[in-house]
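This report goes through one structure, part by part. Please look at the sequence and the model first.

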Amino acid sequence: MPEHLCLTCALCCDGSVFSRVPVTEAERDRLRDRVEIFTKEDGSLRMRQPCRQLGADKACGCYEDRPATCRDYACALLRRLERGTVTEAQARGYVADLLAARSRTRALLAAALSETPPADLGLAMDRLRSTPPVDRHAAEAAEVHYTKGAGV
Ligand code: SF4
Ligand code: SF4
């Protein structure tokens with residue numbers, strides 16, 4: 001089933017794709033003890049990512065009560081899987097490539113920053129730019145996978 005793909009991924013819940021998710025007042029009241037919600041200057045409500053309800057097994061801890069934004073969201077890859085334009089195996093491969101690329105990027109960033117005083121972020125970024133780029137396949141996977149659409 002396509003939704004099983006998400007249990008190998010969770011990129012739209014763990015802060016990789018979105019830093020916040022719009023919620024309604026009713027959702028805030030329902031979830032206030034289970035997730036972190038803040039009010040923006042314009043009075044609208046947002047739930048912070050990484051989401052506190054995301055489990056180590058990549059399942060949603062409040063699945064039945066999750067906000068409508070979560071319920072309605074499907075990334076480009078999931079939509080392609082549902083349309084049948086990628087196979088389950090291809091989709092899982094894209095997710096695995098992305099997770100590996102994220103790990104490599106984090107390692108590069110950590111290495112660059114550890115060699116540089118935090119105040120000198122420009123130098124750290126120069127070092128990052130001079131390191132080997134994420135491989136092309138992973139970059140293509142990212143292009144297929146990432147999509148904005150939650151209206152944050
Ligand atoms: S980013 Fe896509 S595949 Fe990954 S958990 Fe979200 S909807 Fe599922
Ligand atoms: S409430 Fe559930 S579906 Fe929504 S971001 Fe959190 S873990 Fe993901």
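## Nonpolar core

The largest nonpolar core has 21 residues, and those touching the most other members are Leu 11, Cys 12 and Leu 77. A nonpolar core here is a set of buried Ala, Val, Leu, Ile, Met, Phe, Trp, Tyr and Cys residues joined through C-beta atoms within 7 Å. Buried means that 20 or more other C-beta atoms lie within 10 Å of the residue's own, with C-beta atoms placed from the backbone.

Two or more residues of this core come from each of β1 (20-23), α3 (76-83) and α4 (88-114). The most come from α4, which gives 4 residues. Helices (H or I, at least four residues) and strands (E, at least two) are DSSP runs, numbered from the N terminus.

## Basis of the model

The model is predicted: local features need pLDDT of at least 70, side-chain atom pairs count only at pLDDT 80 or more, and totals for chains, interfaces and linings use all residues. Residues are numbered from 1 along each chain as its sequence is written, while chains are lettered from A and ligands numbered from 1 in the order in which they are written.

## Sheet

An open sheet of 3 strands runs in the order β1-β3-β2, with antiparallel pairing. Because β1 and β2 (37-39) stand at the edges with a single partner strand each, one side of each has no neighbour in the sheet. From one strand to the next, the twist averages 35°.

Strands count as paired if DSSP finds at least two bridges between them; β1 and β3 (residues 45-48) pair over 4 bridges. Val 21 stands opposite Met 47 in β3.

Definitions and conventions: A residue is buried if 20 or more other C-beta atoms lie within 10 Å of its own, exposed if 12 or fewer, and partly exposed in between; C-beta atoms are placed from the backbone. Axes are lines fitted to C-alpha atoms, for helices over the stretch in contact, and angles run from 0 to 180 degrees between N-to-C directions.
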